[in-house]
Amino acid sequence: MKTMNSRRDFLKRTGLASGGLVIGLNFLQSCVNEVVNIPANAAPLVDLENGFRAQGALSVTDFLQIRPDGSVFLSLTKYEMGQGVSTGLSSILAEELEADWEKINVKYIKSSVSESDITGGSTSTLLHWDLLRKAGAFAKYLLIAAAAKEWSVYKDQCYAENGYIHQHGSTVKLGYGELVGSVVVPGNYRTLFDEVPLKYQSKFKLIGKSLKSKIIPDIVTGKHPFSIDVRLPNMKYAAVLRCPVFKGKLLSFDASDALKIPGVEKVVGIEGVILDPATHIRDGVAVIANSTWAAFQGKLAVKAEWDLGENAKIEHQKFVADCLEQLDSDKGTEILRIGKKINTSKMDEIISYTYEFPYQHHACMEPLNATSHFKGDSCEMWVGTQSADKIIANIEKHLGIPKENIKINCHPSGGGFGLRYSSEYAVESMVVSKAAGGDLVKMCYSREDDLKFDYLNPFELNKHTVGIKDGRPLFWDFKNVMANWGGLLGWMYYDIPNCSGTQITVDGFTQVGAWRSVMANAEGFSTECFMDEVAHELNRDPLEFRLSLLPRNKIVDFRHSHKCNINRLRGALELVAKKARWGKSMPEDSAQGIAVYPYMHGNGYGAVVAEVSIANNAIKVTKITASIDCGLVINPDQVRQQMGGGVIWALSAIFYGGTEYVNGVVQRSNFHDNPVLRINEIPEIEVHICENDETQPWGVGEIAGPPTYAAVCNAIFAATGKRIRKLPIKKSVLAL
């Protein structure tokens with residue numbers, strides 16, 4: 001290699017000779033420092049939804065960094081909880097940067113309010129697509145300019161490839177690391193950032209390839225920085241005895257036995273507070289100790305007296321009966337109106353059924369935890385979170401610390417599934433630190449705590465009614481009752497001319513929160529089971545019936561993030577039917593079931609064919625064939641893994657999900673009574689990706705669940721004649 005930039009010259013320019021440190025080239029930060037005098041409270045230069053703003057300060061420290069050894073670091077502003085976002089996002093950056101994939105690394109952000117936003121809704125990749133491409137292309141442009149200057153040639157005589165800048169028609173090249181000290185950021189960098197040319201998609205080398213995960217090696221070697229692994233000097237450990245009933249109050253406590261436990265140092269009371277619908281800090285007693293084990297033992301020794309409150313009087317079946325009564329009332333908020341009201345007496349047939357989706361646990365592998373240090377007018381936290389901004393907002397609201405004085409160190413976690421969208425556990429850890437007199441405290445939930453105080457997927461009832469005229473649905477009415485949650489949009493993707501929808505929110509007896517696929521679970525389950533019932537009552541094949549109500553070239557506006565493209569929905573349905581050989585001959589007591597669903601948070605479309613067999617009233621799901629249209633595919637293996645994980649998630653909920661309450665206290669405590677599917681129960685899973693003309697990626701992570709619930713239940717009906725309208729499926733349900 002001919003190098004015109006000597007090692008000695010390079011060291012002089014970067015200052016490495018004196019400091020001996022690795023100095024990164026932070027392109028975006030350099031832009032800010034060099035060109036603009038920016039007020040401290042200015043808006044972020046990099047905005048996660050709007051991209052590169054014309055005004056303001058860059059808050060993401062070292063968003064993109066190239067080190068002198070040529071290694072490239074991307075600071076993740078989205079949360080890694082095992083879904084693979086670190087690999088997917090870094091591959092987008094590497095593609096435009098023309099970086100050596102083996103030298104791409106990811107970092108987890110460590111700073112303040114504007115450095116992360118919510119991770120959820122299958123939106124991470126689609127929201128970062130443009131920003132990462134422009135950042136990579138911008139960095140590549142600067143490196144090419146630096147090399148051209150070194151060689152005294154025009155920029156268009158140079159090109160980037162695999163971490164080097166080359167000259168056309170020459171063998172000379174310079175590595176990215178060798179050029180970092182030579183980069184000059186031009187004055188028109190803001191315009192340049194937006195206008196720098198991006199690669200033609202036909203030239204992609206990394207996007208569309210099944211690249212290996214960037215984090216698996218660290219996970220298997222124990223280097224992955226989960227928040228539960230945080231160890232800091234002078235750190236204390238905490239466990240909290242919480243009121244077992246939602247909204248109950250602490251009357252008194254006796255800590256004398258707890259303080260006898262070796263290692264227990266302090267026992268303090270925690271006053272509960274409701275900060276927002278998803279942040280309820282319960283009344284409790286915190287035990288501070290020199291180890292997690294001592295804290296847990298101290299918690300067991302605390303004697304507390306509670307006023308359990310009204311929720312302790314609610315009986316689960318009475319609650320369900322009350323919800324059913326609400327469902328049949330005239331109450332509710334209209335959430336959907338298409339076409340006109342229809343005189344039901346003129347229908348040939350009215351078909352109506354109600355479906356029940358229970359409270360559901362998250363049961364992440366890593367229990368909730370957070371390490372907090374309350375310092376009076378400032379604080380710092382180490383936590384795995386899907387929403388650092390919510391934590392900051394609630395600490396400011398509850399503890400009065402200005403948001404600019406709150407530092408959050410974000411860590412990956414062992415699962416999230418929406419649970420870590422709640423900020424309750426994180427804010428609670430800061431409350432414990434304050435109550436302990438400002439100790440640096442690591443607060444951990446036990447596994448039992450994790451289930452007992454989970455923010456459950458809300459209980460839902462969905463009633464569907466359709467009026468049939470001349471063999472086709474003329475109107476469809478949807479009514480929903482949901483516990484402690486509202487805002488349902490009422491999606492109808494089938495071509496039914498007159499549609500209406502109503503929602504009723506009722507007071508439940510526990511806290512609720514986001515759960516993988518959120519409200520789409522109950523909606524997809526009920527809608528697709530209902531359409532199957534209508535098809536059978538009309539003696540129509542379920543696939544043919546669905547396709548007859550999905551006209552080509554139609555766009556449906558759900559008044560949500562994206563409009564529903566019926567061609568893409570049909571495409572997913574047709575592909576899964578073809579791959580599963582829908583209608584094929586099946587063994588006795590076996591059958592197929594089919595379902596399709598659009599997931600409009602992420603503009604993705606999924607369809608599932610389930611195959612089940614029944615023996616001795618036992619159900620076995622033998623095969624799942626799934627299809628997905630998620631637009632431009634970044635990493636096919638990750639798409640298949642997300643779909644496979646979503647299928648297993650849904651199957652676990654179908655057979656083992658839900659939860660039980662007695663006197664307001666949740667009864668499940670660990671994986672023995674809240675199991676997930678075991679390996680020997682997992683069916684064969686095939687995932688097929690739809691071809692399309694989309695030029696950007698859309699959502700993936702939450703598409704699989706909604707059609708899986710319905711496809712399995714529809715297959716059970718096809719095999720047994722027994723309709724499932726309530727989850728989880730109990731063995732007794734199949735007793736014929």
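Analyst: Start with a definition: buried means under 20% relative accessible area, exposed means over 50%, and partly exposed is in between, using a 1.4 Å probe and protein chains only. This is a predicted model: local features need pLDDT of at least 70, side-chain atom pairs count only at pLDDT 80 or more, and totals for chains, interfaces and linings use all residues. Residues are numbered from 1 along each chain as its sequence is written, and side-chain values use heavy atoms, with hydrogens and water left out.

User: Is V647 buried or exposed?

Analyst: V647 sits in helix α17, residues 636-656. Helices (H or I, at least four residues) and strands (E, at least two) are DSSP runs, numbered from the N terminus. The relative accessibility of V647 is 0%, so V647 counts as buried.

User: Which residues is V647 in contact with, leaving aside its neighbours within four places in sequence?

Analyst: Contact means heavy atoms within 4.5 Å. With those neighbours set aside, the contacts of V647 are I624, I685, A704 and T708.

User: How far apart in space are V647 and T625, C-alpha to C-alpha?

Analyst: In sequence, 22 residues separate V647 and T625. In space, their C-alpha to C-alpha distance is 9.8 Å.

User: What is the strand order in the open sheet of three strands?

Analyst: Strands of a sheet pair through backbone hydrogen bonds, either parallel or antiparallel. Two strands pair if DSSP finds at least two bridges between them. In this open sheet the pairing is antiparallel, and the order is β8-β9-β10.

User: Which are the edge strands of this sheet?

Analyst: An edge strand here pairs on one side only. Neighbouring strands of the sheet are turned by 25° against each other on average, direction ignored. Axes are lines fitted to C-alpha atoms, for helices over the stretch in contact, and angles run from 0 to 180 degrees between N-to-C directions. The edge strands are β8 (158-161) and β10 (173-175).

User: Which residue in β10 stands opposite Y164?

Analyst: Strand β9 (residues 164-167) is antiparallel to β10, with three bridges joining them. I165 has L174 in β10 as its bridge partner. In the hairpin of β9 and β10, five residues lie between the strands, and G169 takes a positive phi near 70°. Opposite Y164 stands G175.

User: Which element gives the most to the lining of the second largest pocket?

Analyst: On a 1 Å grid over the protein atoms alone, a cavity is a set of points where a 1.4 Å probe fits but cannot get out, and a pocket is an open set with protein on both sides within 12 Å along at least five of seven lines; lining residues have an atom within 4 Å of a point. The second largest pocket is lined by 17 residues, and K140, I144, A160, P197 and K199 lie nearest its centre. Both α5 (124-151) and β8 supply at least two residues of this lining. With four residues, the element that gives the most is α5.

User: How many charged residues are in the lining of the second largest pocket?

Analyst: Ala, Val, Leu, Ile, Met, Phe, Trp, Tyr, Cys and Pro count as nonpolar, Asp, Glu, Lys and Arg as charged, and the others, Gly among them, as polar. The lining has 10 nonpolar residues and no polar ones. The charged residues number seven.

User: How many of the 10 residues of β24 are buried?

Analyst: Strand β24 covers residues 460-469. Strand β19 (residues 349-357) pairs with β24 in the antiparallel sense over nine bridges. On β24, strand β25 (residues 472-483) is also antiparallel, joined by 10 bridges. β24 is mostly covered, and its buried residues number eight.

User: Where does S122 lie?

Analyst: S122 is not a glycine, yet its phi is positive, near 55°. S122 is buried, because its relative accessible area is 15%. Its place is the loop between β7 (110-111) and α5.

User: Which residue does a cis peptide bond join to L727?

Analyst: The omega of this bond is about 0°. The residue in question lies in the segment after α18 (705-720). It is P728.
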